[in-house]
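Trainee: I would like to learn how to read ligand sites in a model. Can you take me through one?

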Amino acid sequence: MNSGNVPHPAILIQDSSLSPALKAIAQKIINNERITFDEGVTLYKDGELGYLSSLANLVRERKNKNYVYFNHNFHVEPTNVCVYSCSFCSYSRLIKHREQGWELSTDQILDIIKKYDNQAVTEVHITGGVVPKQDFDFYTELFRKIKAHRPNLHIKALTPVEYHYIFKKAKLSYKEGLEKMREAGLDSMPGGGAEIFDKTIRDQIAGGKCTAEEWLELHETWQNMGMHSNATMLYGHIETFEHRVDHMERLRQLQDRTKGFNAFIPLKFRNKDNEMANVPEVSVVEDLRNYAIARIYLDNFDHIKAYWAMIGRSTAQLALNCGADDIDGTIDDTTKIYSMAGSEEQNPKLSTQELVKLIKDVGRIPVERDTLYNSVKDYSLIN
Ligand code: V47
Ligand code: SF4
């Protein structure tokens, strides 16, 4: 099977203008073999979009057939005040300028949750800045209250950046802290805060927050408890291709041990109103190449997500032919992280009908899923 109008890679192998190295990589992928770090770098350096999308599509259709997943979700951003000052962040207001930001109370957050009482949402995604007041007790109480109000709402909340800070302050090990969070109602962890694992780059753009090793350890601890999480990579700023492959290699190794990641989400660096505004954004072609290489490299990840709120819905549609099989969700205009950083989606909100159309327009079959990729509604059965 080969859908989405992407040519099968067998045609590539016959192309006399293709270098022997790219031919050998294509053959490996056709044979379902894992590619190496150096081959990943070769793909970034020499792989053209047509070649990459053809290979990525083969991998995505082996794993996910012609399906594209989405969910009914909304976000809560408890604060945009932050003790850290990542230079790519357009969103946070430093603690010393907190009057320019917001810090929601538990009741204010519950009021947001209650607005969805009569809607078929399955997931709330909670993340934001890091502030001393929103500590261990704040979040465990919040999760308990959300579950008391709506037990079936999946809580996907906080990243290792927040957990590392919160657990340190509460003098809890990662395992103790995560077990208590789970008891309080935490269902899964989103993929944020990963940025780029390479220490030199991480220190420059996200100095002071949890290290790559701490990020990975928190996810490993959570996944060893039988739980699931996502992983992101912030790309297209001052990192090199080698740094991107290094990032994915560390994720691939962890996934080999745990199988606990649901999805990988490449996050395109957006440069509006942040300290890195002088760094140009990469092109859409580079975005698509990056999705394709992620799909090829992360052979043990089931899903690659094109986060439409960040790249815009048109690029997200194109990504569905370059390895991505998930497009995130309805969002309902509840996140500010990307609009403040300059995304074309200034008020990210899509109805089910709009998402379904977006997916069908590129020849794919929409499936509404829950956070753990159980099917809620399969549109192949519906016209
Ligand atoms: O960790 C912040 C990124 C992340 C910018 O797990 C930026 O399903 C680009 O992780 N340009 C938070 N990126 C968002 C996130 C996420 C989003 C959607 C779905 C899931 C999931 C997770 O946003 C941060 C940071 O890497 N970010 N500023 C910026 N200027
Ligand atoms: Fe704070 Fe997250 Fe922004 Fe960094 S990216 S400054 S940790 S809100």
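Mentor: We go through the ligand sites, then two residues. This is a predicted model, in which local features need pLDDT of at least 70, side-chain atom pairs count only at pLDDT 80 or more, and totals for chains, interfaces and linings use all residues. Residues are numbered from 1 along each chain as its sequence is written, chains are lettered from A and ligands numbered from 1 in the order in which they are written, and side-chain values use heavy atoms, with hydrogens and water left out.

Trainee: Which residues come nearest to ligand 1?

Mentor: A residue is near a molecule if one of its heavy atoms lies within 4 Å of it. Ligand 1 has 24 residues around it, and Phe88, Lys156, Gly193, Glu195 and Lys305 come nearest.

Trainee: How is that shell divided by class?

Mentor: Ala, Val, Leu, Ile, Met, Phe, Trp, Tyr, Cys and Pro count as nonpolar, Asp, Glu, Lys and Arg as charged, and the others, Gly among them, as polar. Around ligand 1 there are 10 nonpolar, 8 polar and 6 charged residues. For ligand 2 the shell has 6 nonpolar, 2 polar and 1 charged. Cys82, Tyr84 and Lys209 are among the residues around ligand 2.

Trainee: What lies 2.7 Å from an oxygen atom of ligand 1?

Mentor: For a ligand, look for a pair of N or O atoms within 3.5 Å. An N or O atom in the side chain of Lys156 is 2.7 Å from a ligand 1 oxygen. A polar backbone atom of Gly193 is also 2.7 Å from an oxygen atom of ligand 1. A nitrogen atom of ligand 1 lies 3.0 Å from a backbone N or O atom of Arg270.

Trainee: How much of ligand 1 does the protein bury?

Mentor: Accessible areas come from the Shrake-Rupley method with a 1.4 Å probe. Taken alone, ligand 1 exposes 620 Å², and the protein buries 94% of that. Strands β8 (228–235) and β9 (261–268) each give two or more residues to its shell; strands are DSSP runs of E, at least two residues, numbered from the N terminus.

Trainee: Is Ser229 buried or exposed?

Mentor: Buried means under 20% relative accessible area, exposed over 50%, partly exposed in between (1.4 Å probe, protein chains only). Ser229 lies in strand β8. Ser229 is buried, at 1%. Its side chain makes a polar contact with the side chain of Gln223 (2.8 Å).

Trainee: Where does His237 lie?

Mentor: His237 is in the loop between β8 and α11 (241–258). His237 is buried, at 11%. The C-alpha atoms of His237 and Pro280 are separated by 7.5 Å, though 43 residues apart along the chain.

Notes:
A polar contact is a pair of N or O atoms within 3.5 Å; within protein, one must be able to donate a hydrogen and the other to accept it, and residues adjacent in sequence count only if both atoms are side-chain atoms. Helices (H or I, at least four residues) and strands (E, at least two) are DSSP runs, numbered from the N terminus.
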